[in-house]
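Student: Could you take me on a close look at one helix and the parts it packs against? I would like a connected account that I can follow in the viewer.

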Amino acid sequence: MTPADASPEPLTPELADTIADLFGKRDREHMQPTIDAFLALLAEHPNQPEVLYEVGGSYDTDGQEQEALGYYEAAMAAGLSGDALRKCLLQYGSTLRLLGRHEDSVAALDRALAGWPESPSVRAFHALALHAAGRSDGAVGELLALVAAEIRTPDVLRYEAALRGNAGFLIGLDQQRGR
């Protein structure tokens, strides 16, 4: 993976296109060709944060969560930023949750939530992490807040204030418990 003191390689338009092409060709049921292709790309671009992230994501999709963690960590250490960082933090937090590292999962998703508070996917995975960590009040509160913010049907809009109020109450209970 990436040496800690190396400078990150910029993401050129050509490299971005290559990454998008490899990602677009992946077969979720047979990930080894995608893993191999991203590892070959990483050999050409060893300190490129987006490539490191995609290697991790490929291992993660293949069910190799432990292998994915190191690549996610290396991508973040190499300077991953912007929306790629949001996606990486989400996937990293989800992977930590799947590996039973619930508090680490919450911490990673707290970081993602701090940077992207309006991201529905971050909010949903944050709720999953809270649930896995035994924080059901916070998890349900997060989901109620997400429903109130994102589902814009007449039925939900009618009860939006109640949903937001209940969400705030449950999130407050979670926070009062010192979590």
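**Helix 5 and its surroundings**

Tutor: Happy to! In this predicted model, the axes of helix 5 (residues 82-98) and helix 6 (residues 102-115) come within 7 Å and cross at roughly 165°. An angle over 145 degrees counts as roughly antiparallel, and helix 5 and helix 6 are therefore roughly antiparallel to each other. The crossing of helix 5 with helix 6 is left-handed.

Now zoom in on the side of helix 5 that touches helix 6. Helix 5 contributes Leu85, Leu89, Leu90, Tyr92, Gly93, Ser94, Leu96 and Arg97, which meet His102, Asp104, Ser105, Ala108, Leu109, Arg111 and Ala112 of helix 6. Sorted by class, this contact holds eight nonpolar, four polar and three charged residues.

Helix 5 also packs against helix 3, at an angle of about 35° and with the axes 11 Å apart. This crossing, too, is left-handed. Here Ala84, Lys87, Cys88, Gln91 and Thr95 of helix 5 meet Glu50, Tyr53, Gly57 and Asp60 of helix 3. The classes in this contact are three nonpolar, three polar and three charged.

Some of these residues turn up again around the largest pocket, where the space comes to about 150 Å³. Its lining is made of Leu11, Ala16, Ile19, Phe23, Glu50, Tyr53, Glu54, Ala84 and Lys87. Helix 1 (13-24), helix 3 (49-61) and helix 5 each give two or more residues to that lining. By class, the lining has six nonpolar residues, no polar ones and three charged ones. To link the two views, Glu50, Tyr53, Ala84 and Lys87 are among the residues where helix 3 meets helix 5, and they line the largest pocket as well.

Note on methods:
Residues numbered from 1 in each chain as written. Predicted model: local features only at pLDDT ≥ 70, side-chain atom pairs only at ≥ 80, totals over all residues. Heavy atoms only, no water. Axes fitted to C-alpha atoms, helices over the stretch in contact; angles between N-to-C directions. Helix = DSSP H or I, 4+ residues; strand = E, 2+ residues; numbered from the N terminus. Parallel < 35°, antiparallel > 145°, perpendicular 65-115°, else oblique. Left-handed = near helix turned anticlockwise from the far one by under 90°. Contact = heavy atoms within 4.5 Å. Nonpolar A, V, L, I, M, F, W, Y, C, P; charged D, E, K, R; others polar. 1 Å grid on protein atoms, 1.4 Å probe; cavity = no way out; pocket = protein on both sides within 12 Å on 5 of 7 lines; lining within 4 Å. Points joined across faces, edges and corners; volume = space filled by probe spheres on them.
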